[in-house]
Amino acid sequence: MGYFDYALSISDRIVKETWATLHMLVVSAIFAGIFGLILGVILVVTDRGRILENKKLYSVLDKITNTFRAIPFVILLALIAPITKLIVNTRIGPTAAIVPLIFSTVPFFAKQVEQALAEVDPGVIEAAEAMGKGPVEIIWSVYLREGLPSIIRASSITLISLLGLTAMAGLIGGGGIGDLAIAVGYQRYKDDVVLISVVIILIIVFIIQGVSNILIRKTSH
C-alpha cells in the first residue's frame, strides 16, 4: 500500500473541508476587514494630537479592543455562543464558526490598521489641514492613501492569523482542513492526511503572501 492511500480514499472529503476553510476565511475576512478598518481609523484619528482627538472615546475603544484581543479564541467560542445562536440560528457548523472568527479578528486587524496609519508622515497631514481639507477628506486622501501599503501588509498578516484560527473551528463542528488534520490525521494516526492538510494550508498562505507582495509593490510610491 502507498503512503497516500488513505488520503486518496477520502479525497472528496479533503476537497470539501478545503472549501469549508476557504468559506470561513473569505466571509470572516470580509466582515472583519470592514469593521476592523473602521475601528482602526477611529482609533487613529481620536488619539492624542490627531485630527479628531477624543481622549474618552479613544480610551474606551482601546480598552474594548485590547480586552477582546486578550481572550483566547477557544474561550471566545463559548463566550459568544449565545450571540452566535442569535445571529445565525445555530451554534455549530462552518457558518456558526464565522461569528467568533469575526469577533476575534476585528480587534486584531483594528490594531494592525491603527499601527499602520500612525506611521503616516505628520507633515503630510499638516499640509492637508493647511490646504483646508476636512477630517473626512484627510482620512481618505492622506491616511488611507499614504498608509495603503502598510494596510495591505497588515491584511496579509491578519489573513494568515485568521487561517490558523479556522483550524479551531472543529471545536464547534466547523470543519475545515485544519480540523480534518487533527480529527482524522492526528487522532487516527493517518499521517498522510496531516501532510496533505499542511500542504494545502501552506499553498493558501503562499497565495495570500504572493498577492499581498504584488499589491504592496503596485501601491508603494
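1. Start with the second largest pocket. In this predicted model, about 210 Å³ of space lies in that pocket. Its lining counts 13 residues. Nearest the centre of the second largest pocket are Ala 29, Gly 33, Phe 109, Ser 155 and Leu 159.

2. Which elements give two or more residues to the lining of the second largest pocket? They are H2, helix H6 (94-118) and H9. H2 supplies the largest share of this lining, with six residues.

3. Look next at the classes of residue in the lining of the second largest pocket. Nine are nonpolar and four are polar. No charged residue is part of this lining.

4. Now turn to the largest pocket. Its volume is about 240 Å³. The lining is made of 13 residues. Leu 159, Ile 207, Ile 208, Val 211 and Ser 212 are the closest of them to the centre of the largest pocket. Helix H2 (11-46), helix H9 (148-166) and H11 each give two or more residues to this lining.

5. Which element gives the largest share of the lining of the largest pocket? That is H11, with six residues. By class, the lining of the largest pocket has ten nonpolar residues and three polar ones. Charged residues are absent from it.

6. Is Ser 212 buried or exposed? Its relative accessible area is 6%, so Ser 212 is buried; the cut-off for buried is under 20%. Leaving aside residues up to four places away in sequence, Ser 212 touches Ile 152, Arg 153 and Ser 156.

7. Finish with Val 136, in helix H8 (residues 135-146). Why does Val 136 count as exposed? Its relative accessibility is 57%, and exposed means over 50%. Val 136 and Leu 101 are 35 residues apart along the chain. Their C-alpha atoms are separated by 30 Å.

Notes:
Residues are numbered from 1 along each chain as its sequence is written. This is a predicted model: local features need pLDDT of at least 70, side-chain atom pairs count only at pLDDT 80 or more; totals for chains, interfaces and linings use all residues. Side-chain values use heavy atoms; hydrogens and water are left out. Buried means under 20% relative accessible area, exposed over 50%, partly exposed in between (1.4 Å probe, protein chains only). Contact means heavy atoms within 4.5 Å. On a 1 Å grid over the protein atoms alone, a cavity is a set of points where a 1.4 Å probe fits but cannot get out, and a pocket is an open set with protein on both sides within 12 Å along at least five of seven lines; lining residues have an atom within 4 Å of a point. Grid points are joined across faces, edges and corners, and a volume is the space filled by probe spheres set on the points. Helices (H or I, at least four residues) and strands (E, at least two) are DSSP runs, numbered from the N terminus. Ala, Val, Leu, Ile, Met, Phe, Trp, Tyr, Cys and Pro count as nonpolar, Asp, Glu, Lys and Arg as charged, and the others, Gly among them, as polar.
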